[in-house]
Amino acid sequence: MTELIFDLQVFLLNLSFIFLLFFIYHKYIEGKISKVSNAIFIGIISAVSILLCMSFPLSPFPGFLFDYRLIPFIIGTLYGGRRVGLVLLTVLLAYRFMISLDEGFYASIIVYTLMLLFLSLMTPYFKRMTNLHHKLALALIVNLIGIISLLTVLYFFNVNISVNGWLSLILFYFLQLIAMFLFINFIERAKKESIVLSEIKELEKLKVVSDIAASISHEVRNPLTVTKGFLQLLQDHTISLEKKEFYIKLSLEELERAEEIISDYLTFAKPSIENIDLLELNREIQYILKVITPYATMRDIDIMFEKTDDVFIAGERQKLHQALINLAKNGIEAMSPNGKLTIKLTSHENMAHIIISDTGIGMNEEQVRRLGTPYYSTKTTGTGLGTMVAFSIIKAMRGHLSVKSSLGEGTTFTLTIPLVQHEESSHLLP
Ligand code: ADP
Ligand code: MG
């Protein structure tokens with residue numbers, strides 16, 4: 001065995017399997033599911049990667065198979081936890097057993113069981129680490145230990161390997177270290193990106209909350225002034241009992257209104273709890289109208305809502321509110337006094353449509369194109385994050401947001417969100 005046994009095809013195949021699966025995971029799954037199912041998905045994806053890698057191995061001498069199964073094994077256990085590690089070990093050994101019952105199988109038992117024990121000790125530290133370099137270092141050390149134990153076990157199995165063979169194996173595993181480095185980097189960067197995005201969402205919401213605050217306090221002052229007036233009237237002892245009761249009734253109604261405005265506002269201002277609920281859109285839109293109406297009233301804008309029959313979708317309640325309020329608020333801000341904001345809800349072909357239109361200044365094509373890109377704002381105190389956040393929230397609900405606008409006439413935003421059959425999930429309703 002003098003020729004070089006390193007095989008570029010095997011190397012590239014192995015890498016692309018792992019990369020593809022982790023890419024799919026981060027692009028489409030992470031962040032949309034709960035923690036428990038997250039671990040399950042990490043497990044499934046790592047297991048599939050392991051199986052694919054093992055199906056296309058390098059086999060320079062009989063009885064032994066070399067591939068990059070160690071990468072998904074380590075990544076899966078570090079990110080998924082010990083239980084995922086145990087499942088991966090079982091899958092790996094079962095598949096190796098099915099391939100053939102040779103020395104390589106026994107070598108795998110020794111190496112990967114030891115690896116799992118070692119990884120189990122390391123995962124808690126890994127989870128707590130916040131520094132990318134520390135995480136990288138730990139993952140690389142674990143990987144290196146795996147490789148060294150593999151080669152050691154191989155040595156003790158007295159396999160007859162040429163110097164070239166050893167060199168190829170070392171090259172193969174050296175490249176594995178580099179691949180591991182790139183994967184952890186990729187995963188950590190993707191994670192960081194999604195954290196930054198959710199932080200932007202929260203910050204942007206704070207800005208909206210503070211923008212609306214002025215109109216809320218304005219709206220609360222009216223009932224207070226009215227109530228104060230009635231109380232002053234009540235000080236007069238000569239008024240009839242009937243009148244007294246009438247004043248008290250009106251005062252109580254006004255106070256209740258103020259109370260309601262404040263509590264709606266506070267519900268919106270609360271930080272989001274992230275869980276998926278079954279949402280009835282008429283109800284949710286009516287709620288956001290209550291929050292946004294004071295803001296519209298202060299600018300002399302009328303809001304119209306065209307309801308429809310019950311429309312159910314699945315999503316995070318507060319996130320949906322945030323998206324709708326951002327769009328409605330933009331509409332209000334685009335109009336001069338006496339403008340009209342119309343919200344229309346319809347549903348057909350398994351889709352719910354929320355149409356928000358204003359009679360405001362509108363946008364030209366260039367402006368529409370830039371909509372949703374961060375920090376694009378034409379307002380002096382704008383953040384340019386409102387539409388971006390709305391786009392990303394709707395996308396996370398597997399929906400779609402489209403814009404039609406013409407300068408001087410107005411703008412229409414159409415949200416399209418997949419419906420949920422009510423019967424299927426009525427148990428989700430609060
Ligand atoms: P902000 O409201 O803080 O400026 P947004 O992301 O909400 O940020 O909006 C970005 C820009 O898009 C706005 O500054 C405005 O120029 C334009 N825009 C958004 N919605 C409308 C609308 N309904 N009518 C006209 N222009 C709009
Ligand atoms: Mg805005």
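In what order do the five strands of the open sheet lie? In this predicted model, local features need pLDDT of at least 70 and side-chain atom pairs pLDDT 80 or more, while totals for chains, interfaces and linings use all residues. Residues are numbered from 1 along each chain as written, chains are lettered from A and ligands numbered from 1 in written order, and side-chain values use heavy atoms, without hydrogens and water.

The order is E2-E4-E5-E7-E6, with mixed pairing. Strands (E, at least two residues) and helices (H or I, at least four) are DSSP runs numbered from the N terminus; paired strands share at least two DSSP bridges. Strands E2 (302–306) and E6 (400–406) form the edges. Seven bridges join E6 to the antiparallel strand E7 (residues 410–418). Serine 406 stands opposite glycine 410 in E7.

Helix H9 (residues 281–298) lies across E2, E4 and E5, at about 175° to E2. Helix H10 (residues 317–334) touches E2, E4, E5, E6 and E7, and its direction makes about 25° with that of E5. Contact means heavy atoms within 4.5 Å. Angles run from 0 to 180 degrees between N-to-C directions of axes fitted to C-alpha atoms, for helices over the stretch in contact.

The largest cavity has a volume of about 130 Å³. A cavity is a set of points on a 1 Å grid over the protein atoms alone where a 1.4 Å probe fits but cannot get out; lining residues have an atom within 4 Å of a point. Volume is the space filled by probe spheres on points joined across faces, edges and corners. H5 gives the most to this lining, with four residues.

Key. On a 1 Å grid over the protein atoms alone, a cavity is a set of points where a 1.4 Å probe fits but cannot get out, and a pocket is an open set with protein on both sides within 12 Å along at least five of seven lines; lining residues have an atom within 4 Å of a point.
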